[in-house]
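Trainee: Hi, could you walk me through this model? I'd like to start with the overall picture and then go into some details.

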Amino acid sequence: MLRLLRYYRMLARLGLHGIDAASRAACRRHAGRLPGLSGERVRGELERILSVTDPRPVLAMLAEDGILDPILPMLSAFDRADRLVLLEPAPDWLRRLAALLAAGEAEARDLAARLRLSRHE
């Protein structure tokens, strides 16, 4: 299932030129198996996706394809993240992650635990 997240990471890094309808359909079909991925693996892929200059198209695809819901349902504030990407001087994956978080303190703690974020992060 890690390959599923890597597909979206590669789209984020290389651009949306490589979109393959069959691959996206396969990702949608297997999204329900994502909760089995370790938090560290999810975090690594999410960090790489959020670190590209403009992750917004891929974030939209992740949401549209139902990839985020099984693993990180608390990430849904896409409008706030969109505004942040336009304003920030340099990509900061953690700031972008915080902008995507559409929940309160308890959900933020759940997210930190799920992704195995350090106390510093």
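This is a predicted model: local features need pLDDT of at least 70, side-chain atom pairs count only at pLDDT 80 or more; totals for chains, interfaces and linings use all residues.

Mentor: Happy to. Residues are numbered from 1 along each chain as its sequence is written, and side-chain values use heavy atoms, leaving out hydrogens and water.

Trainee: Good. What share of the chain is buried, then?

Mentor: Buried residues make up 40% of the 121 residues.

Trainee: And how many helices and strands are there?

Mentor: The chain has eight helices and zero strands. Those are DSSP runs numbered from the N terminus, with helices being H or I of at least four residues and strands E of at least two.

Trainee: How does the radius of gyration compare with the globule rule?

Mentor: The radius of gyration is 14 Å, close to the 14 Å that the rule gives for 121 residues, so the chain is as compact as a globular protein of that length. The radius is taken over C-alpha atoms, and the rule is 2.2 Å times the number of residues to the power 0.38. Along the principal axes, the C-alpha atoms fill a box of roughly 40 × 30 × 20 Å.

Trainee: Let's look at α1. Why does its length agree with what a helix should span?

Mentor: Helix α1 covers residues 2-14, and at 1.5 Å a residue its 13 residues should span 18 Å, which agrees with end C-alpha atoms 18 Å apart. The expected span is 1.5 Å times one less than the number of residues.

Trainee: Which of its residues are buried, and what do they pack against?

Mentor: Leu-2, Leu-4, Leu-5, Tyr-7, Tyr-8, Arg-9, Leu-11 and Ala-12 are buried in α1. The buried residues of α1 pack against α2 (21-30), α3 (39-50), α4 (56-64) and α5 (68-71), where contact means heavy atoms within 4.5 Å. After α1 comes Gly-15, with a positive phi near 100 degrees.

Trainee: Where does Asp-65 sit, and is it buried or exposed?

Mentor: Asp-65 is in the loop between α4 and α5. Asp-65 is buried, at a relative accessible area of 4%.

Trainee: What does its side chain meet there?

Mentor: The side chains of Asp-65 and Tyr-8 are joined by a polar contact of 2.6 Å. A polar contact is a pair of N or O atoms within 3.5 Å; within protein, one must be able to donate a hydrogen and the other to accept it, and residues adjacent in sequence count only if both atoms are side-chain atoms. Setting aside neighbours within four places in sequence, Asp-65 is in contact with Tyr-8, Arg-24 and Arg-28.

Trainee: New topic: how many salt bridges does the whole structure have?

Mentor: The search finds 15, each being a side-chain nitrogen of Lys or Arg within 4 Å of a carboxyl oxygen of Asp or Glu. One of them joins Arg-48 to Glu-45, with the closest N and O atoms 3.7 Å apart.

Trainee: Where are those two?

Mentor: Arg-48 and Glu-45 both lie in helix α3, three residues apart, about one turn of the helix. Arg-48 is partly exposed at 43% relative accessibility, whereas Glu-45 is buried at 3%. Arg-6, Arg-9, Glu-45 and Arg-48 are linked in a network of salt bridges.

Notes: Buried means under 20% relative accessible area, exposed over 50%, partly exposed in between (1.4 Å probe, protein chains only).
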